[in-house]
Amino acid sequence: MIGAHRESRTLVTYAVTLIPGDGIGPELADATVVVLEATGIAFDWDVQQAGEATIAAEGTPLPDRVIDSIRRTGVAIKGPITTPVGSGFRSVNVALRQALELYANVRPARSMVGVQSRYTDVDLLIVRENTEDLYAGIEHRVGPDAAESIKIITRAASQRIARYAFEYAVRNGRQKVTAVHKANIMKLTDGLFLESCQQVAADYDGRVAFEDRIVDNMCMQLVQKPELYDVLVLPNLYGDIISDLAAGLVGGLGVAPGANIGERAAVFEAVHGSAPKYAGQNKANPTALILSGALMLRHIGETDAADRVEAAVRAVIAEGKTTTYDLGGSAGTRQFAEAVARLVQLA
Ligand code: NAD
């Protein structure tokens, strides 16, 4: 069950796993809790440490208890985790994705008044397939001077991600899904991805428009006229690249939220990392994690609360009086979160 909850007569309490993470993560997680609780929704936070601290104490950055907790609650908010350098530890993000079968990586990119960027009217949702393509990691050397990597595309995974994109569009009043591919060259692999998207699109005919773009053309179109696009669905590698491009269109990583979604669990996290040089200074911008929290609210069906959180973040940033250093202000992480929380309460 997604968003496990227990009901009392007057109240639903959502059990949510909270992973504070490393570096600036704990401050951002605190800020996000302040804002989410201002919605009036009751949360039962299951705080689970992971990352640098647990390597020393438990020998791994991702103890099984963290995965068990997410399996139990169905939803997690995760602060960034520093990737250990030069040790045998696997990437926490890849391990979580595999253990929980988080097949969809979802990143909205939306212009905000007060965040400097070249565009004012971008509102994109990037839906990236998270499990296959060249990321399946099947690569090897062929003799000393050549190497090859195998691109895996299946109908099942392609249809699953396309269906996620269309269902999101329907639930959130989106108008159009664009499938992005290179089927003119990779006729079998990307051809199968495109065919799978077309098959799923047929089920939504008349409800959500569908089109496709070749990935190189898509890059040019996004730079020239991003306002023409809505929901994009992509195989893993193109999704990785285009989602950063989209973050750049709206002002960069500091304000970019994200989600990893599976059938039985979902993990919500900012796109940025643990920025160790700002750790513990009450300086970092919590916007991306707070907006990831809003995605979590939407995921568990608390749409009104999600709208209130997003509107409050936008209003505080647009006003410009209580923003963090990266947006030109001098407010601390906590002050920004409290300003957002006050507006959420009033809404
Ligand atoms: P980073 O995103 O942590 O920081 C790069 C720079 O961006 C920072 O120095 C800072 O100037 C700015 N920045 C990032 N987030 C900010 C915020 N919220 N507010 C204000 N400024 C912000 O990238 P990095 O330095 O390449 O990575 C640091 C560590 O984080 C690495 O160990 C990396 O592997 C890890 N990482 C983790 C995740 C994750 O857990 N999802 C994602 C990316 C990187």
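Which residues lie nearest the centre of the largest pocket? The views below start there. This is a predicted model, where local features need pLDDT of at least 70 and side-chain atom pairs count only at pLDDT 80 or more, while totals for chains, interfaces and linings use all residues. Residues are numbered from 1 along each chain as its sequence is written, and side-chain values use heavy atoms, with hydrogens and water left out.

**View 1. The largest pocket and its lining.** Asn93, Val94, Arg97, Arg128 and Glu269 lie nearest the centre, out of 31 lining residues. A pocket here is an open set of points on a 1 Å grid over the protein atoms alone, where a 1.4 Å probe fits, with protein on both sides within 12 Å along at least five of seven lines; lining residues have an atom within 4 Å of a point. The volume comes to about 680 Å³, taken as the space filled by probe spheres set on the points, which are joined across faces, edges and corners. Look for α4 (92-100), which gives the largest share of the lining, four residues. Helices (H or I, at least four residues) and strands (E, at least two) are DSSP runs, numbered from the N terminus.

View 2. The lining splits into 14 nonpolar, two polar and seven charged residues, and α10 gives the most, with four.

**View 3. Inside the largest nonpolar core.** Among its 72 residues, Phe43, Val233, Met296, Leu297 and Val313 touch the most other members. A nonpolar core is a set of buried Ala, Val, Leu, Ile, Met, Phe, Trp, Tyr and Cys residues joined through side-chain atoms within 4.5 Å; buried means under 20% relative accessible area, exposed over 50%, partly exposed in between (1.4 Å probe, protein chains only). Another core, of 17 residues, lies apart from it, with Leu124 and Val215 among them.

**View 4. Ile185, out on a loop.** Ile185 sits between β9 (176-181) and α6 (189-202). With a relative accessible area of 59%, Ile185 is exposed. Ile150 is 35 residues away in sequence and 15 Å away in space, C-alpha to C-alpha, from Ile185.

Methods
Nonpolar A, V, L, I, M, F, W, Y, C, P; charged D, E, K, R; others polar.
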